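Biologist: Please show me the model, and then let us go through one part of it by question and answer.

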Amino acid sequence: MVSGWRWVWRWVAGSEVSRLQLQWRAFAFVLPQPLRTARGLLRRKRGWLLRLQAADGRVGWGEAAPLELDGPESWDAVRAGLESLAQELARRELELLLTRAGTPPCLAFALGAALAELDGLVAPEGWLPAPPSAGLLPAGAAMPEALDRLLREGPGLPLSVKWKVAAGRDHQERELLELLLQRLPATARLRLDANGGWDRPTALAWAERLAQEPRLEWLEQPLDPADQPGLELLAAQVPVALDESLQLHPQLRTTWPGWQVRRPSQEGDPRPLLAALQAGRPRLMLSTAFETGIGRRWLQQLAALQAQGPTPTAPGLAPGWSPPGPLFAADPLAVWAGARSSGSNPGSRRSDGPAAERPAAGLG
Ligand SMILES: [Mg+2]
């Protein structure tokens with residue numbers, strides 16, 4: 001009889017603990033300068049912050065924000081996903097949602113991140129600071145001046161530099177490459193990110209020029225993800241890192257033997273990536289999708305774990321490409337408060353509810 005009551009008590013307590021309160025807040029911000037890529041301009045970021053609270057008071061934070069380059073439909077899909085969520089959910093319902101086909105990856109990131117934080121999985125000994133980031137150089141003629149500034153004011157040596165290519169005329173970019181190679185210190189590392197914008201002949205010409213270049217770390221997504229055979233051919237000549245291919249064909253995350261650009265806030269539940277890095281998986285490079293302070297804690301934590309692994313490399317945190325303000329604070333509470341002033345509709349009755357209000361339009 002006693003054991004029966006004990007069972008009932010456990011069942012009731014367990015049910016309470018597994019109920020989770022969800023709150024969302026919209027945010028929006030404009031990048032200090034638009035980022036030009038082969039896929040288009042990235043000018044701003046819009047999305048939602050998640051506050052997930054367990055019945056015992058534990059809190060986890062998340063962030064759901066697709067990239068503008070993925071088109072407005074990806075943003076609408078997140079909004080629809082949020083509107084389908086109740087304000088209070090059983091944990092198993094959230095876990096099911098995470099694995100359901102059609103859940104936008106950035107929404108799965110928000111939920112998985114918050115659950116991992118609730119469970120004390122992500123930073124059991126406190127959030128780690130990120131190692132120094134690679135510098136991000138703009139495409140085209142703006143590159144040399146940005147490089148000089150980076151060499152003057154950057155994190156010092158050894159320096160990792162990522163330059164956006166395939167965004168303008170190829171012969172001009174080839175001239176700029178020669179200038180870059182002249183000015184880049186001997187100890188620096190160079191990544192060239194074409195965002196899938198080259199054709200095979202162009203990519204092969206660049207690979208030929210750089211095959212003996214000791215500072216080349218990798219060509220990043222040199223060809224369209226549709227040309228996987230071409231990417232494999234190229235990888236036989238120079239190191240090739242996949243980026244957009246991994247988003248289109250997530251199975252490549254388990255099969256591509258070379259470098260992988262991993263953008264945690266855009267690729268779903270972050271717990272498998274966290275576990276992989278904790279287990280010392282090589283050749284994963286952590287990269288930003290211009291997160292708020294909440295997503296950025298994750299990026300920094302994962303980058304710090306990467307640096308402790310067998311193939312440490314500078315993460316891509318795009319220093320200087322986020323505007324100032326509370327949205328980028330290290331304290332999630334400050335980010336949460338900042339979202340109210342940046343993107344929420346203060347007059348909305350449901351500003352903290354499950355339905356996602358539209359972030360302020362017309363920003364940039
Ligand atoms: Mg890239």
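Modeller: The model is predicted. One place to begin is the residue G280, which follows helix 11 and has a positive phi, near 85 degrees.

Biologist: Which residues of helix 11 are buried, and on how many sides of the helix do they lie?

Modeller: Helix 11 spans residues 271–278, and its buried residues include L273, L274 and L277. They cover an arc of only 105 degrees around the axis, which puts them on the same side of helix 11. An α-helix has 3.6 residues a turn, so residues three or four places apart point the same way. The answer is L273, L274 and L277, on the same side.

Biologist: What do the buried residues of helix 11 pack against?

Modeller: Two of the partners are strands, strand 10 (260–262) and strand 11 (284–286). The others are helix 4 (105–118) and helix 12 (293–307).

Biologist: Is helix 12 largely enclosed or largely open?

Modeller: Helix 12 reaches 20 Å from its first C-alpha to its last, close to the 21 Å expected. Of its 15 residues, 13 are buried, so helix 12 is largely enclosed by the rest of the structure.

Biologist: Are helix 11 and helix 12 roughly parallel or roughly antiparallel?

Modeller: Their axes come within 9 Å and cross at roughly 25 degrees, and the crossing is left-handed. Angles under 35 degrees count as roughly parallel. Helix 11 and helix 12 are therefore roughly parallel.

Biologist: Which residues of helix 12 meet helix 11?

Modeller: From helix 11, the residues involved are L273, L274, L277 and Q278. In helix 12 they meet L302, L305 and Q306.

Technical notes:
Residues are numbered from 1 along each chain as its sequence is written. This is a predicted model: local features need pLDDT of at least 70, side-chain atom pairs count only at pLDDT 80 or more; totals for chains, interfaces and linings use all residues. A residue is buried if 20 or more other C-beta atoms lie within 10 Å of its own, exposed if 12 or fewer, and partly exposed in between; C-beta atoms are placed from the backbone. Helices (H or I, at least four residues) and strands (E, at least two) are DSSP runs, numbered from the N terminus. The arc is that of the directions from the helix axis to the C-beta atoms. Two residues are in contact if their C-beta atoms, placed from the backbone, lie within 7 Å. The expected span of a helix is 1.5 Å times one less than its number of residues. Axes are lines fitted to C-alpha atoms, for helices over the stretch in contact, and angles run from 0 to 180 degrees between N-to-C directions. Angles under 35 degrees count as roughly parallel, over 145 as roughly antiparallel, 65 to 115 as roughly perpendicular and the rest as oblique. A crossing is left-handed if the near helix is turned anticlockwise from the far one by less than a right angle, and right-handed if clockwise.
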